[in-house]
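Please open the model in your viewer and follow the stops below in order. Each stop names a selection and then describes what is found there.

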There are 4 protein chains.
Amino acid sequence: MTAARENHREAVAGRSDVEDTAELLAYYEELETLKAGALWTVANKIEPWEPVSRYSPVLWPYDKMRSHVLRAIDLVTPEKAGRRVIYLNNPGAGDRAACVGGIYSGLQVMKAGETASAHAHSTSAMRFIMEGRGAYTIVDGHKMTLGANDLVLTPNGTWHEHGIDPEGTTCIWQDCLDIPLVNTLEANFYAVHPDMHQKVGYAVDDTKYTFGAPGLQPQVSWDKAYSPLYKYEWGPTYEALVKYSKVTDGSPYDGILMNYVNPRNNGPVMLTLGASMQLLRAGEKTKAHRHTGNVIYQVAKGSGYSIIGGQRFDWKEKDIFCVPSWAFHEHANGSSSDDACLFAFNDFPVMNALGLYREQAFGDNDGHQKVEA
Amino acid sequence: MTAARENHREAVAGRSDVEDTAELLAYYEELETLKAGALWTVANKIEPWEPVSRYSPVLWPYDKMRSHVLRAIDLVTPEKAGRRVIYLNNPGAGDRAACVGGIYSGLQVMKAGETASAHAHSTSAMRFIMEGRGAYTIVDGHKMTLGANDLVLTPNGTWHEHGIDPEGTTCIWQDCLDIPLVNTLEANFYAVHPDMHQKVGYAVDDTKYTFGAPGLQPQVSWDKAYSPLYKYEWGPTYEALVKYSKVTDGSPYDGILMNYVNPRNNGPVMLTLGASMQLLRAGEKTKAHRHTGNVIYQVAKGSGYSIIGGQRFDWKEKDIFCVPSWAFHEHANGSSSDDACLFAFNDFPVMNALGLYREQAFGDNDGHQKVEA
Amino acid sequence: MTAARENHREAVAGRSDVEDTAELLAYYEELETLKAGALWTVANKIEPWEPVSRYSPVLWPYDKMRSHVLRAIDLVTPEKAGRRVIYLNNPGAGDRAACVGGIYSGLQVMKAGETASAHAHSTSAMRFIMEGRGAYTIVDGHKMTLGANDLVLTPNGTWHEHGIDPEGTTCIWQDCLDIPLVNTLEANFYAVHPDMHQKVGYAVDDTKYTFGAPGLQPQVSWDKAYSPLYKYEWGPTYEALVKYSKVTDGSPYDGILMNYVNPRNNGPVMLTLGASMQLLRAGEKTKAHRHTGNVIYQVAKGSGYSIIGGQRFDWKEKDIFCVPSWAFHEHANGSSSDDACLFAFNDFPVMNALGLYREQAFGDNDGHQKVEA
Amino acid sequence: MTAARENHREAVAGRSDVEDTAELLAYYEELETLKAGALWTVANKIEPWEPVSRYSPVLWPYDKMRSHVLRAIDLVTPEKAGRRVIYLNNPGAGDRAACVGGIYSGLQVMKAGETASAHAHSTSAMRFIMEGRGAYTIVDGHKMTLGANDLVLTPNGTWHEHGIDPEGTTCIWQDCLDIPLVNTLEANFYAVHPDMHQKVGYAVDDTKYTFGAPGLQPQVSWDKAYSPLYKYEWGPTYEALVKYSKVTDGSPYDGILMNYVNPRNNGPVMLTLGASMQLLRAGEKTKAHRHTGNVIYQVAKGSGYSIIGGQRFDWKEKDIFCVPSWAFHEHANGSSSDDACLFAFNDFPVMNALGLYREQAFGDNDGHQKVEA
């Protein structure tokens with residue numbers, strides 16, 4: 001009966017505007033018995049004028065997170081925990097374990113010499129390394145060594161596992177997966193590797209050495225939907241941004257931004273998750289815009305602040321924050337002498353694949369939001 | 001604190017298996033204050049071995065639905081209701097107004113001479129005509145006349161409106177939209193046409209006359225992601241299935257099945273919703289299989305039954321039923337002399353675009369499920 | 001020495017304009033001994049301002065051709081001749097056996113009960129049936145029955161063979177292949193079928209029954225670059241043009257024109273050859289334009305005339321004529337009461353694939369060429 | 001009458017094998033008057049069992065070519081010559097000015113401070129720098145500085161021009177264009193820039209700085225069929241090959257080979273011409289294979305020899321040689337301590353786009369040809 005009592009009337013031509021009457025309420029109850037309802041009672045709710053996200057902008061300061069993450073080392077083993085991860089839980093997520101929108105994110109920690117068992121799942125994953133030496137990931141037999149600010153992919157359906165060399169140090173990285181999305185789509189499968197670990201079948205870091213220069217490619221056949229380049233290192237990424245900054249004005253909303261792409265087709269690295277790195281020049285303050293799709297930022301370099309939905313979030317290196325769908329946002333580099341870099345995970349590939357991407361500039365006040373007191 | 005008390009331990013290597021302790025429970029509470037949680041407390045829940053749908057298989061018998069739908073004529077006007085629709089509400093839908101998965105569906109009714117106002121939205125819609133004469137739909141200035149078992153598209157972003165010719169009769173059709181999906185993705189926009197109605201800018205039924213034969217195409221430019229053929233009529237559809245049945249063995253799971261496609265690229269008619277029509281030959285009983293993705297069937301011709309998740313559903317013309325993601329299903333034509341046809345809406349385009357489509361045959365018992373008592 | 005004496009000077013800035021001197025002529029001779037030459041002696045020749053085709057417009061009247069074609073029946077057998085074909089030889093073709101540009105064309109004749117042996121080649125072929133009953137073609141095991149004005153494909157690399165049913169009559173059809181092109185590209189391979197004939201492995205005319213309606217497709221996998229629909233029948237083709245003529249103004253240069261397309265991707269039926277059918281409405285006179293690419297027309301219905309490169313060619317049913325690259329052309333239906341149809345083979349797919357298609361309207365005289373006396 | 005007397009009889013079932021008779025010879029003469037011929041008189045010629053190229057393998061030694069190229073400086077000015085180029089003329093080319101197949105190639109020389117006027121053409125061009133400092137090319141306003149072994153594109157339809165900085169030295173480079181192909185296709189257009197020179201509209205070398213790292217891309221829109229990366233420098237190219245050689249066994253026919261690709265789609269840099277750089281490891285001797293398509297090699301580093309169609313060609317740095325369609329070829333690095341690099345232009349994009357690429361290993365003698373005495 002609850003549903004029948006909902007009423008979202010709007011006195012606007014072309015919208016539902018039906019008053020509850022005794023006869024109608026009785027009719028609604030009958031419909032319920034048929035597993036049915038009257039559209040006009042919910043139409044204005046399920047067809048909103050524009051998206052209003054259930055998720056909030058949140059900033060997770062790394063200094064606070066780090067101590068809790070490190071504490072987990074003493075509390076659980078990778079064997080018992082599966083993976084030793086503290087996940088970021090948006091207040092709007094309910095029981096979906098979502099950082100924002102359909103994206104899950106967490107901070108994983110491993111000690112030198114630890115290994116986690118190999119598994120595969122329908123969800124797509126990326127990892128962005130935060131600290132430590134000696135981390136590696138193995139994806140379908142390809143082993144990648146990982147340092148700070150490197151990005152590594154573990155795509156949908158691949159066998160993958162992580163570990164730290166015995167000679168390394170404790171490592172922390174940020175995981176990003178499309179778990180809430182794939183669960184909503186009821187398409188999530190999980191498998192543990194039959195041998196718990198896979199063999200390394202290629203030269204270490206082979207994908208990096210195979211894609212050694214822009215516009216140069218060996219004749220390797222590839223029929224997967226994700227990027228055959230599994231690792232994107234920080235060094236050439238930052239260098240590319242600096243170079244590009246010399247020949248472009250950049251974007252008014254994002255400064256100097258480059259997407260991590262699948263070098264086979266210039267598309268996103270995976271079908272459901274995208275990633276980008278952007279450089280804010282010394283003193284740069286971008287203008288505000290908004291778009292469908294969700295973004296999780298990690299500060300790769302420098303410090304500054306972002307205004308999201310009228311709220312100011314100050315950030316410094318390794319802090320993480322999120323921008324929900326259709327929330328206005330703008331970024332400012334806090335330094336007048338050094339550049340700052342924001343790494344970002346996003347779900348733009350989903351928006352684009354389904355024809356749902358939409359973007360809008362903030363028109364007033366020369367493009368800058370008023371900050372809420 | 002509720003989340004911290006969740007515990008989905010599995011005593012399986014590679015899965016989370018952490019016992020609650022006082023120390024851990026205190027740790028979980030601390031994490032909550034940081035808008036964070038321990039992955040191992042929810043990992044086995046959010047990474048299931050395989051999908052278990054929250055939606056149930058349901059059959060909506062047309063004879064029962066029809067009388068309630070017709071009654072709505074007296075209860076509300078299209079002006080007040082926006083659209084006069086009774087929607088199909090799956091018990092698992094909660095407040096999402098979903099027929100199954102991310103798909104909304106409803107039965108709309110209009111009287112001769114009625115018109116509904118024009119609007120546009122980010123959701124994609126299809127309509128399958130059930131009864132009546134004189135229905136029409138206008139999409140971005142293209143007017144389509146509609147008869148029983150015709151399919152018409154009103155894609156994402158198009159201005160569209162429906163009406164019944166004054167010379168016609170009361171018409172009922174089934175609507176199908178991706179409303180729950182687009183709302184979950186927080187990407188839904190809605191607009192009412194500034195003039196409430198659009199002008200017809202082309203010859204009536206021009207898209208049908210433009211695509212007049214398979215493999216023949218005028219040089220019309222087209223840059224949209226959806227099919228430029230907005231209407232698919234029942235006559236040639238049924239004829240195509242009958243012809244095809246003479247040269248193919250068909251599918252063990254679906255008999256003679258054809259997808260409605262975008263003639264520009266052979267892909268789905270829209271980016272988020274697909275449609276198909278299948279013919280079950282006289283006496284045909286298909287084998288069971290399951291797949292990710294959701295399907296809503298409408299019986300276009302004949303009678304028979306389907307077994308879905310071990311449950312038998314008997315159907316006759318115009319009945320509607322749904323198959324949730326990963327549920328085994330098989331179909332049987334109840335007649336040994338006549339063919340039967342099942343029309344279907346589905347969200348396979350989403351599964352395919354995001355790399356999430358998976359399929360499995362029912363291996364036991366010669367491919368047939370045991371029916372629950 | 002001959003080459004050195006060539007001199008194509010143009011007194012235009014940016015073009016070669018070098019006078020022969022004794023020193024230069026001696027230099028040119030030295031270069032010849034090194035298998036080299038001076039670009040400026042040939043630059044203006046090999047880089048013309050625009051194409052000037054070596055091919056002429058030609059009309060082959062069917063009444064004259066037919067008697068010679070039929071006479072071949074008595075002169076050679078298919079066994080001895082391979083195929084019993086009279087080919088159309090453009091005066092500009094030299095020894096290339098070209099109808100126009102890179103396209104070969106000929107008229108093939110077979111008697112009731114005759115069969116030709118199966119073969120495969122790197123060239124792509126199409127056949128347009130002109131007269132007779134009982135013709136058939138087998139392509140990779142798919143047998144197609146053929147009537148007047150039907151188009152059948154025998155793509156690059158397929159085993160194919162032709163024959164006439166014993167119950168049939170003498171049949172004549174027009175062959176069209178990319179032989180001159182593939183020979184120029186030095187990529188032509190030929191093979192005789194090991195058994196001289198192939199088995200029919202599918203229901204007769206299965207491809208036609210598989211693609212039974214526009215926008216409806218069975219889930220048949222297909223990884224070839226050519227159309228899986230091997231036959232396009234005259235009946236639905238003409239009907240599609242008539243229908244389309246009711247909802248379009250058509251093209252000022254071509255009237256009502258439809259391309260035969262690969263229903264999988266809306267592209268050309270084969271990678272190197274395209275085909276179209278166009279309808280000129282009663283009394284229609286098109287305007288002149290020109291384009292890169294070559295066209296061979298066959299009159300499928302009616303009579304009229306075309307003006308090609310300022311020359312008038314009167315045509316009636318089954319006459320064949322060609323339009324060379326970059327020649328202005330316009331068509332006129334000679335009847336004020338009946339429509340006329342022109343079938344055409346072309347090499348536009350080559351021009352498009354290589355980025356070389358260019359088109360230009362004839363701007364003067366309201367779009368009509370002056371006819372040479 | 002000449003054509004009628006051709007007779008290419010083969011006593012093979014499925015091939016033409018018709019004896020000339022007086023009656024037939026008379027018939028052939030009649031056909032000629034109709035601009036027609038009997039296919040069986042030429043069928044075996046125009047449908048060969050496999051390609052036999054009209055072009056020969058040729059090696060152009062740089063030491064001999066260089067002096068003649070430099071001499072041209074004194075003989076002609078760029079203004080008078082258009083471009084000061086010595087072209088490579090294959091003995092099989094007739095009057096087509098072809099290096100091999102449909103590919104033209106030449107050596108261009110310019111002095112410090114010289115500039116050539118801007119033009120555009122339908123042909124696609126690439127330049128591979130051989131020696132000198134200060135060369136540059138401007139393509140549609142993008143200026144690229146060029147050093148030895150750099151590759152620069154001037155695609156179909158772009159305004160482009162070359163010059164040498166006043167501070168530079170005399171420069172020589174190899175031009176490669178698809179002139180013979182585009183002329184055969186009768187699709188060649190040429191235009192001189194209205195101002196004789198274009199303005200530089202972007203930061204110098206902007207395309208190189210825009211594509212600064214593999215797998216990283218700014219959001220720049222691009223709708224052209226050719227690569228937006230106009231320059232490929234030798235430094236990162238060689239480095240990429242060396243890196244790749246550490247993680248791959250390479251190809252038995254080509255050693256370590258990478259294609260220059262369009263970073264937007266991983267396809268060829270232009271629609272009609274491809275390019276590659278391959279590294280032969282110290283002491284490496286590849287096996288022989290053959291393929292359709294033509295290749296022009298330039299030795300970028302080291303020395304060695306190639307066996308082409310059974311003929312041995314010894315090469316050292318900057319030598320140029322060609323491999324015609326379907327000729328067997330194998331390469332040997334002459335050094336047991338240093339690697340060697342072969343740059344290559346090819347027309348594989350044409351072969352692939354038209355479905356005509358075919359490849360075959362040399363099966364005998366462990367994959368090595370016998371060298372002709």
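This is a predicted model: local features need pLDDT of at least 70, side-chain atom pairs count only at pLDDT 80 or more; totals for chains, interfaces and linings use all residues.

Asp17(A) itself sits in the loop between α1 (2-5) and α2 (22-33) of chain A. Is the residue buried or exposed? With a relative accessible area of 16%, Asp17(A) counts as buried, because the limit for that class is under 20%. Now show side chains: that of Asp17(A) makes a polar contact with the side chain of Arg9(A), at 2.9 Å.

**The two domains of chain A**

Next, colour residues 63-211 of chain A as domain 1 and residues 233-367 as domain 2. The C-alpha centres of these two domains of chain A lie 23 Å apart. At their interface, 30 residues of domain 1 of chain A are in contact with 27 residues of domain 2 of chain A. About 2,400 Å² is buried between domain 1 and domain 2 of chain A, and carbon and sulfur atoms give 72% of that area.

How many salt bridges are counted between domain 1 and domain 2 of chain A? The count is two. To view a salt bridge, select Asp63(A) and Lys316(A), whose closest N and O atoms are 3.5 Å apart. Between domain 1 and domain 2 of chain A, eight residue pairs are in polar contact, both residues being at pLDDT 80 or more.

Then highlight β4 (104-110), β6 (125-131), β9 (151-154) and β11 (171-177) of chain A; each supplies at least two residues of the side of domain 1 that touches domain 2. The most, five residues, comes from β6(A). By class, this side of domain 1 of chain A comprises 17 nonpolar, eight polar and five charged residues.

**Chain B against chain A**

Now display chain B together with chain A. Here 88 residues of chain B are in contact with 88 residues of chain A. The area buried between chain B and chain A is about 7,900 Å², with carbon and sulfur atoms giving 63%. Select Glu186(B), Phe189(B) and Tyr190(B): these residues supply 10% of the area that chain B buries against chain A, more than any other three residues.

Six salt bridges are counted between chain B and chain A. Polar contacts link 34 residue pairs across the interface of chain B and chain A, with both residues at pLDDT 80 or more. Which helix gives the most to the side of chain B that touches chain A? Select α4 (residues 62-75) of chain B, which gives seven residues. The side of chain B that touches chain A divides into 50 nonpolar, 19 polar and 19 charged residues.

Notes. Residues are numbered from 1 along each chain as its sequence is written. Chains are lettered from A and ligands numbered from 1 in the order in which they are written. Side-chain values use heavy atoms; hydrogens and water are left out. Helices (H or I, at least four residues) and strands (E, at least two) are DSSP runs, numbered from the N terminus. Buried means under 20% relative accessible area, exposed over 50%, partly exposed in between (1.4 Å probe, protein chains only). A polar contact is a pair of N or O atoms within 3.5 Å; within protein, one must be able to donate a hydrogen and the other to accept it, and residues adjacent in sequence count only if both atoms are side-chain atoms. Domain bounds come from an automatic or database domain assignment. Contact means heavy atoms within 4.5 Å. Buried area is the accessible area (1.4 Å probe) that two parts lose on being put together, summed over both. A salt bridge is a side-chain nitrogen of Lys or Arg within 4 Å of a carboxyl oxygen of Asp or Glu. Ala, Val, Leu, Ile, Met, Phe, Trp, Tyr, Cys and Pro count as nonpolar, Asp, Glu, Lys and Arg as charged, and the others, Gly among them, as polar.
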